[in-house]
Amino acid sequence: MNTSSNGQTAKTLVDCGNCGPDFASIRQMVTRHFKVHVIQTHGTEDTLEVLKNRKVDLVTVNRKLDRDYTDGLDVIRQIKSDPDTHAVPVMLVSNYEEHQQTATETGAVPGFGKLALTDPATRSLLEPFLGDA
C-alpha cells in the first residue's frame, strides 16, 4: 500500500509509453497536485502485468510508445478488452483532438496533451481519478 507523509493512502498512476523526460514531466505534474505513486511502463505486456498485480487508479498512455513507436491506442484496446482490466480508467496523452476522440470511442476517458501539463483543465481531468476519495 502506498502511503503519503500525512498517512493518507496514495493513488497509483501507471504511465505507459513516455520517454524519460516526458515521464518525469508527467510525474512531477501529478505529484505536485495529488497524493500519487507513479509507475512507468513501456508497452501492453508490462502495463497489463502491473494492472493485474496491484490496484491502479488511472493509466495514461502516450499516443506513440517511446520504445518502438507503436500506437498507444492498441494498449488502450488491450486494457479495455481484458476482463481483468477493462474497468481501470485510461487516458490518452496526445495534443491531437482526433486521437483523443478515437481513444474515448475505444473506452478511454478524456485525456490531455503534453503541451497542456500546466493547464488547470488537465488537473481537472485528473481530479476524479487521482484526487482525495
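Start by colouring the chain by burial: buried residues (under 20% relative accessible area, with exposed meaning over 50% and partly exposed in between, using a 1.4 Å probe and protein chains only) make up 47% of the 133 residues. What you have open is a predicted model, in which local features need pLDDT of at least 70 and side-chain atom pairs count only at pLDDT 80 or more, while totals for chains, interfaces and linings use all residues. Residues are numbered from 1 along each chain as its sequence is written, and side-chain values use heavy atoms, with hydrogens and water left out.

**The whole chain**

Switch to a cartoon view. You will find 5 helices and 5 strands; these are DSSP runs numbered from the N terminus, with helices being H or I of at least four residues and strands being E of at least two. Along its principal axes, the C-alpha trace spans about 40 × 30 × 25 Å.

**Stop one: Leu 58**

Select Leu 58, in strand E3. Leu 58 counts as buried, at 0% relative accessibility. Show its contacts (heavy atoms within 4.5 Å): leaving out residues up to four places away in sequence, Leu 58 touches partners including Leu 13, Val 90, Met 91 and Phe 129. Now draw a C-alpha to C-alpha distance from Leu 58 to Asp 15: the two are 8.5 Å apart in space and 43 residues apart in sequence.

**Stop two: Tyr 69**

Next, move to the loop between strand E3 (58–62) and helix H3 (72–81), where Tyr 69 lies. Is Tyr 69 buried or exposed? Tyr 69 is exposed, with a relative accessible area of 56%. Look at its backbone too: Tyr 69 has a positive phi of about 60°, although it is not a glycine. Most residues other than glycine have a negative phi.

**Stop three: Ser 94**

Finally, select Ser 94, in the loop between strand E4 (90–93) and helix H4 (97–105). Ser 94 counts as buried, at 7% relative accessibility. A polar atom of the Ser 94 side chain lies 3.1 Å from the backbone nitrogen of Tyr 96. Setting aside neighbours within four places in sequence, Ser 94 is in contact with Arg 63, His 99, Gln 100, Phe 112 and Gly 113.

Technical notes: A polar contact is a pair of N or O atoms within 3.5 Å; within protein, one must be able to donate a hydrogen and the other to accept it, and residues adjacent in sequence count only if both atoms are side-chain atoms.
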